[in-house]
Amino acid sequence: GALNTPEEGLTRKLVYFEQDNAVIGKMAKDAILLCNGYITLRSFPKIAKHQPAGFITYNGNIDTAREDVDLGEREFRSVLNKYGQMPGVNIKIHDAMEMLELGAEEVQIKLKGTLAKGISRNVVCDIPGKSDEVVICTAHYDSSSFSKGAYDNGTGAVCLYGLAQYFAKHQPERTIRLVW
């Protein structure tokens, strides 16, 4: 998974990793990469092959005020371990833009985390319809520490509850499966 840094942090050359190509690849070795977009199952192998020292991701929209941008918590999935392990952090897009605008050539990241396992459960509500066809509606009820919650994804969870109330009194044509 994402490794911790030494206690004093990890200071390296900063490389903006917008896309995977030979030029960026030569600059990426042992650097800290500012990655355009999220680290995904498709993008991480492309990043890891260049052997960077670490990575930074960002989220948000530059047109949204800094104080209104959530700082999303990111999880390094264990399936990515086969491509390598390195420390990574997530920042707001405004901070990423500021680093680039100021011409940052070097960056320091500090990361100290713990590995934990937890139990997660879904809530499923089936409302039988008049046919065997099934319509599935989903929402998630997790959030991040900095999220405002209403749009991540409180409104979706409440909408599912409203659908359950309605269809409990009005049998649907198709079976409705609500999954939180």
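This is a predicted model: local features need pLDDT of at least 70, side-chain atom pairs count only at pLDDT 80 or more; totals for chains, interfaces and linings use all residues.
A residue counts as buried here when its relative accessible area is under 20%.

On to the fold. The protein chain has four helices and eight strands, and from the N terminus they come in the order β-α-β-α-β-β-α-β-β-β-α-β. If you take contacts between residues at least 6 apart in sequence, 65% of them join residues at least 24 apart.

Now for the aromatics. Searching the whole structure turns up two aromatic pairs. Here they are side by side:

| Pair | Ring centres | Ring planes | Geometry |
|---|---|---|---|
| Phe-44 and Phe-55 | 6.4 Å apart | at 70° | edge-to-face |
| Tyr-166 and Phe-167 | 5.0 Å apart | at 85° | edge-to-face |

Phe-44 sits in helix H2 (residues 43-48) and Phe-55 in strand S3 (residues 54-59), so this pair, eleven residues apart, links distant parts of the chain. Phe-44 and Phe-55 are both buried. Tyr-166, from the other pair, is partly exposed, with a relative accessible area of 45%; that value falls between the 20% and 50% cut-offs.

What about the surface: which residues form a nonpolar patch there? Leu-41, Val-79 and Tyr-83 do, and together they have about 270 Å² of accessible area. One of them, Val-79, lies in the loop between S3 and strand S4 (88-92). Val-79 is partly exposed, at 44% relative accessible area.

Key: Residues are numbered from 1 along each chain as its sequence is written. Side-chain values use heavy atoms; hydrogens and water are left out. Rings of Phe, Tyr and Trp (its six-membered ring) pair if their centres lie within 6.5 Å; planes under 30 degrees apart count as stacked, over 60 as edge-to-face and the rest as tilted. Helices (H or I, at least four residues) and strands (E, at least two) are DSSP runs, numbered from the N terminus. Buried means under 20% relative accessible area, exposed over 50%, partly exposed in between (1.4 Å probe, protein chains only). Patches are made of residues with over 30% relative accessible area and no salt bridge: like charges are joined within 9 Å, nonpolar side chains (Val, Leu, Ile, Met, Phe, Trp, Tyr) within 5 Å. Accessible areas come from the Shrake-Rupley method with a 1.4 Å probe; for residues, only the protein chains shown count as cover. A salt bridge is a side-chain nitrogen of Lys or Arg within 4 Å of a carboxyl oxygen of Asp or Glu. Contact means heavy atoms within 4.5 Å.
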